[in-house]
Amino acid sequence: MPVSFPSFTSPPALLSRLSVAPVALALLIAYLLPGLVGHDPWKSDEAYIFGLVYSMLESGDWVVPMLAGEPFVEKPPLYYWLAAGTAHWSSPWLSLHDGARLASGVFSALALASTGLAGRALWGSGTGWTAALVLAACLGFLLHARTMLTDLALLAGFAVAFLGLALACRSRARHFWLPGVLLGAGAGMAFLGKGLLGPGLLGLVAIVLPVFPEWRTSSYRRTLLIAALTSVPWLTVWPIALYLRSPELFDEWLWRNNIGRFFGFADLGAANDRGFWWSTLPWFTFPALPLAVLWLGAGFRHKQAQPQTRLCLVVIAVVLAVLGVSASARAYYGLPLLVPLAVLGTPAIALISDRLDKRLASAIAAVFLALSCCLSGVWLIMRLGLDRGPIQWLSKWLPFDFNMPQQPWAPVFVGMGCIVWLTLIRFGPRHFKRVVTAWVGGLALLMGVTFTLLLPWLDAAKSYRETFTALQHQLPRKPFCVSSSGLGESERAQLHYVAGIKTERLE
């Protein structure tokens with residue numbers, strides 16, 4: 001059964017219990033929605049990932065992912081399957097690319113829900129919403145939660161599997177079915193989202209955990225058995241189908257894009273340069289990492305909390321070790337690390353004194369209001385054609401010849417968002433600290449301002465549509481063949497989507 005820590009997880013009053021869920025849910029919805037729809041696939045990952053989804057919708061081939069007419073088996077197809085489904089189901093109301101991006105919202109929501117349930121399973125009733133909000137607060141999650149990215153499927157699967165481990169940690173001996181099913185399904189989902197990385201991480205965690213006596217039990221062994229049986233369909237059906245279709249493509253996927261990418265002999269992906277993770281993780285994991293350190297420094301003295309803490313530390317150590325030895329590295333490879341960090345940092349929230357909580361919330365509110373005002377000022381300069389000298393530095397990334405369209409409702413929306421957010425900070429439920437509401441709500445406000453006022457400008461800079469539409473007008477109405485040399489994956493994908501042209505590569 002969950003352990004109760006009176007100092008920071010005492011049951012809330014009935015009124016607070018009723019008010020926490022709607023407020024936290026509203027915060028998470030306001031956090032996830034901005035930017036989920038309303039723009040083209042952006043450079044560079046979104047462009048080629050949607051290209052795979054578009055080819056799947058066009059061809060109806062659910063086994064071999066295709067990119068502009070060519071097999072592309074870099075990743076298993078779970079994300080493409082769901083994105084194709086959401087694009088098809090929402091097509092009466094949304095464009096195909098917006099509908100496909102809904103899959104990212106589904107996977108992000110699943111990761112948040114699983115992390116919240118894992119936090120509740122480990123730290124007791126009343127902490128689930130806080131754990132989900134701590135994950136949402138992480139800057140790494142913020143940057144990728146609403147983009148088309150296959151690693152979101154890995155993150156969701158990893159979070160489901162971690163929930164299974166959390167339930168196994170806190171369950172009685174006879175309760176091993178649900179933890180086993182969740183662990184196996186999560187490992188399978190991670191596999192179909194990214195490949196061998198997810199099951200590899202979870203397998204190492206399962207091997208290391210019995211170092212501690214609480215995991216050397218018959219219940220844990222049964223949990224692993226159930227997990228193994230549950231994962232079999234996830235791990236075998238698509239690889240077998242791919243092998244039956246083409247042994248060569250199966251070999252390319254397994255040896256080149258999984259094993260070869262990890263160990264470096266395939267020369268794929270960005271290199272894991274020395275110091276990359278040392279410079280990336282401090283901002284990517286903020287604020288979950290400082291909260292986890294705070295709990296380790298001040299809360300680990302609670303002996304009844306040590307099994308939960310050790311579980312989180314084992315998962316964190318395994319993920320860090322694997323990321324460190326991998327030959328390839330990009331920032332979003334660290335997304336699975338956010339789940340155990342967020343859960344480990346959850347009880348540290350209650351260690352923040354009321355006085356410090358109030359001061360931190362006020363400081364955070366001031367910073368986010370200032371940032372929102374700056375973004376509104378940029379929009380006003382672009383909209384009214386004022387002197388652009390103060391924002392000249394933005395010309396490095398954004399086109400300054402862009403004419404901002406009329407958006408009469410946008411300032412009203414931004415003003416209402418500010419008022420609602422400040423009201424929640426001042427009068428919201430006291431079950432979780434004001435600093436949580438201030439930070440997550442501030443991030444939601446910032447995303448809302450950005451994707452309400454500046455979305456057309458950002459879309460013009462990060463979309464291929466204008467370029468390829470212009471190119472389409474310069475080509476014959478029915479070109480016999482358009483060849484390319486050195487054209488990237490994203491460009492080929494968007495040329496297919498925007499202009500309907502499948503290039504014949506010379507490579």
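Predicted model: local features only at pLDDT ≥ 70, side-chain atom pairs only at ≥ 80, totals over all residues.
Residues are numbered from 1 along each chain as its sequence is written, and side-chain values use heavy atoms, with hydrogens and water left out.

The axes of helix α7 (residues 151-170) and helix α9 (residues 197-208) come within 10 Å and cross at roughly 20 degrees, and α7 and α9 are therefore roughly parallel to each other. In their contact (heavy atoms within 4.5 Å), L154, F158, A161 and L165 of α7 meet L197, G198, L201, L202 and V205 of α9.

## Helices α4 and α15

Helix α4 (residues 96-123) packs against helix α15 (residues 335-345) at an angle of about 40 degrees, with the axes 9 Å apart, so α4 and α15 are oblique to each other. On the α4 side the contact involves T115, A118, G119, L122 and W123, which meet V339, A342 and V343 in α15.

## Helix α14

The expected span of a helix is 1.5 Å times one less than its number of residues. For the 20 residues of helix α14 (residues 306-325) this gives 28 Å, and the end C-alpha atoms are 28 Å apart, which agrees.

Helix α14 is also mostly covered, since 14 of its 20 residues are buried, meaning under 20% relative accessible area with a 1.4 Å probe and protein chains only, where exposed is over 50% and partly exposed lies in between.

Methods. Axes fitted to C-alpha atoms, helices over the stretch in contact; angles between N-to-C directions. Helix = DSSP H or I, 4+ residues; strand = E, 2+ residues; numbered from the N terminus. Parallel < 35°, antiparallel > 145°, perpendicular 65-115°, else oblique.
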